[in-house]
Amino acid sequence: MEISKISEEKQKNLLSKVLEVLKTMASRPSGFIGLSILAFHILLAFLSPYLAPYDYKAIDPSLMLQAPSSEYWFGTDSLGRDVFTRTIMGGRTALTITFFGSIIALLWGGLLGIFCGLVGGKIDDVVMRIVDAFLSIPWILAMLLIVSLLGTSTEVLIPALGFFYGKGIVRVARAATHDVIAKDFIVSARARGHSNFSIIWNEIIPNVRDAILVEGAMRWSWMLLGFSSLSFLGFGVSPPTPDWGLMISNARGLMSFAYWSVIAPIVGLSSLIIGINLTADAFAKALGIDRSTKAPV
Amino acid sequence: MENIIHSVKNLSIGFRSKKNDEISILRNVTTNIKKGETVGIVGESGSGKSTLALAMMGYVKQGLYTIEGECLFESSNLLKMKNKDLEQIRGRKIAMIPQNAGQSLTPNLKIGYQIDEALRLHTKFNKNERDKKISELLNKVRLPSPETMAFRYPHELSGGQQQRVAVAMALAGKPDLLLLDEPTTGLDVTTQAHVLELLKFIAKDTGTSMVYVSHDLGAIAQVSDRIIVMYAGEIVLEGPARSILKSPIHPYTYGLLKSIPKLSLSGLPDSMPGSQPQPGNIGIGCSFYDRCKIAEDKCKKNSPSLEHILELQTSVRCFNYKNLKKFNDKINSITQKKNISKGVNEILNLTDVSISYAKQKILDQILNKITDTNPTVKDINIEIKKGETIALVGESGSGKSTILKSIAGLLKIKDGKIKFENDRVLSSDLKKRDSNDLRAIQLIFQNPDESLNPNHTVEQILSQPLKLYFSLTGNELKKKVAELLNKVRLGEFYMTRYPRQLSGGEKQRVAVARAFAAKPDIILCDEVTSALDVSVQAAVLNLLQTLKEDFGTTYIFVSHDLAVVRAISDRVAVLYQGRLCEIGPSKNVYQFPSHPYTEVLLGAVLEPDPDIKPKLVAKDIVEEKPPEKGCCFQGRCPRILGDKCKNETPPWQIGDDGNAIRCHISVEDLKKNQIKK
């Protein structure tokens, strides 16, 4: 390593670090495509209220199932609502709910995993068996139970999704912590008498952060798929809120003669998932974690 | 010139950097290997010695490529050969013995099968002949009972035995050239000496040429006929082993030899300033210019070429080699340790300390029954005085690190007491120690790569103890960090660097600074120089000594390297299987009479001098568990008396010089026998 050159290097602040990672991600074609798709979706989610040409809940029986035209770009659905408006507004709900859900999943999954990895022993055993038990429950059944008991409001969906998608992160965080915990710098911190909290915050988190973030990014795309499945089954957001899963579900019977009302939400959903997946992969590569060799648990 | 079997011609190997610059790791290396000769390639880490050895069998690591030159074996260039043709040569004509045999043997296949595989590939023997050949090979590498050995799995063998199996496999194809890449580096001193003995025997017996790559001049000195010294990817000195080791004419080799601690000399070895330039960072002049004591202006601007001196049969890459001798005569001295006043006060006292790794059963825990009658570490009694350096020496498994961990509070002791300052009993549980006790005892670890958090800057690393113990913040903290860096001879600009941006020696300095940040009374050093290159090792040892003189810190120094211990310690405790064998002032421990185990250890030390041969007196076996009763060393003792040693715990015999030996043989008898040898 060129030591003389590095001595010029200043300690970077968080922003410049983030920018550097983004730059590395965008330098690969797959990363660039992923980032562009994701950025496009996020931008659309922010701007959709201003871009939407019509009211998303305006029902007009006279305009039922119109084919795409210059007036209604993506056609209209069975209630005469503009599909273009509903598609660009539909991404908004899905992105918001799953984004905050992922953050909750990251926080509780990551912290619990690190904690278990650090303390080890019986506590670790018990907690991990509980996590295993939850992993064995089909999530969609459990989600249906929660939603039917507590309703389908955003306040219920976000923590419920966050909980179910955090279980996998617990295991990844724990495994990453195990890699670090045996290193001498942890032993050294212990011998100095640092508290567990200080060891987690100062010594462990900086070393497992990358692995957990990448895992969280992957969980995001899975959660999006899960959330859309819920909506498809009618347990996601309630109508008339526009949502891709719901739109696909409503229009699927009409697919044979009104394909346009299904195609738009399908393209929206799959492009967003592909975008997140590509971004997560590029993110992992930019951070030096190769996901192809480390399969998620 | 018919007897040259392998020649490397003007070989350069390198890689492309991110900026697409060509960076060479090997630079214009030319050398010949003659039939039946053993060539030692020596250099510090990063000097390109392993790359050269691998290229000799036509292998270039992924990411590297050949820039120019060739490796000629039987008049064909190995580096341009197709894989299929290389298969005919590798293993059959050129064989390789890797560094870590434990990792290069397949764990789920029996030893016999693995050797058989090599035989099947490289010979035309039928099944019966091969079976005979396997036991012949195992016999040749002196493994006990070859018949049963063939049916064992690699994990059932000790490190030394695994290395022997690797040698047997390499010999299976009757190679003309054997490449050995640090074959004894991970082994214990006694095992290492035995394996080297074997290699020497094989070289003589089979007439195989060997290329022995190592950083250890001691090992190289024992086996080589000719030595090649590498520095920054170049050969800087090449010639007959004796003349290179006895009177090196290149300043780097001279400095390297000076920086190796020797058994015969007490006091710290000279260190070489600076470190080896990294590939891609080598200037136009001599690559050793920055560290050279006899460098002149021309060395900075021109790179010297390899000059052959006919009367010495030596090639040297230096403009100034003739001046080296004159210069050396002037400075030929060794830094003596200053006799700093040692307090008479005891700082730490270990009384009857036993440590057990065995887990107690719940029932026994409730009944408070002691189940493990044969703990890993037993009956350790050591008094440590303020300001002294005491060393714990022994091979792997001797319990030296275990004792260190329990002093640090990382491992609970089973029995006995650890008393700190004025007979205050120190809890063996870290959580029960108060902050001041925690501060007073600090640790420095073997491998600085692992002991420094890779995601922290040097400033953050050094701030940890300062914040914890002294609650420093802001400018005060920063000032203190800078002060610490200066103390370990690193500049303030190191503050913003990450560990990965530092060299091994610099990292270890940061680790030393972190330990001193706590203003400790005792520093526990766990093999602190084992992961470092020799020239860096000398510098770190010198640093530790100066810091000790400044602060009056007490060191407890754990090492397997007897020469390093000799250099730094005031007192030495020799451990075998978790039991103390001998303890006393270091000059007395290193003199006879000694405990038979100390004698074995001292005999096995490899000195970088072809005239000092290791004395192998003990059996080369590895004991996994200490014996239940009697002397701990009974299994390997060359002077065993019989049943007495097997049944009775030997008494401590304390000499007038304060040297205590735990042996049934009287000190007088030991003296008589050992001096005769």
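**Reading helix packing and contacts**

Modeller: Chain B is divided into domain 1 (4-93 + 175-331), domain 2 (346-569) and domain 3 (576-676), with bounds from an automatic or database domain assignment. This is a predicted model, in which local features need pLDDT of at least 70, side-chain atom pairs count only at pLDDT 80 or more, and totals for chains, interfaces and linings use all residues. Residues are numbered from 1 along each chain as its sequence is written, while chains are lettered from A and ligands numbered from 1 in the order in which they are written.

Colleague: How many residues does each side give to the contact between domain 1 and domain 2 of chain B?

Modeller: Two residues are in contact if their C-beta atoms, placed from the backbone, lie within 7 Å. Here domain 1 of chain B gives 21 residues and domain 2 of chain B gives 20.

Colleague: What describes two packed helices?

Modeller: The angle between their axes and the distance between the axes. Helices are DSSP runs (H or I, at least four residues), numbered from the N terminus. Axes are lines fitted to C-alpha atoms, for helices over the stretch in contact, and angles run from 0 to 180 degrees between N-to-C directions. In chain A, the axes of α9 (residues 196-232) and α10 (residues 244-251) come within 7 Å and cross at roughly 40°. That makes α9(A) oblique to α10(A); angles under 35 degrees count as roughly parallel, over 145 as roughly antiparallel, 65 to 115 as roughly perpendicular and the rest as oblique.

Colleague: Which residues of α10(A) make the contact?

Modeller: A:Trp244, A:Gly245, A:Leu246, A:Ile248 and A:Ser249.

Colleague: How many residues of chain A touch chain B?

Modeller: 22 residues of chain A are in contact with 28 of chain B. α8(A) supplies the largest share of the chain A side, eight residues.

Conventions: Helix = DSSP H or I, 4+ residues; strand = E, 2+ residues; numbered from the N terminus.
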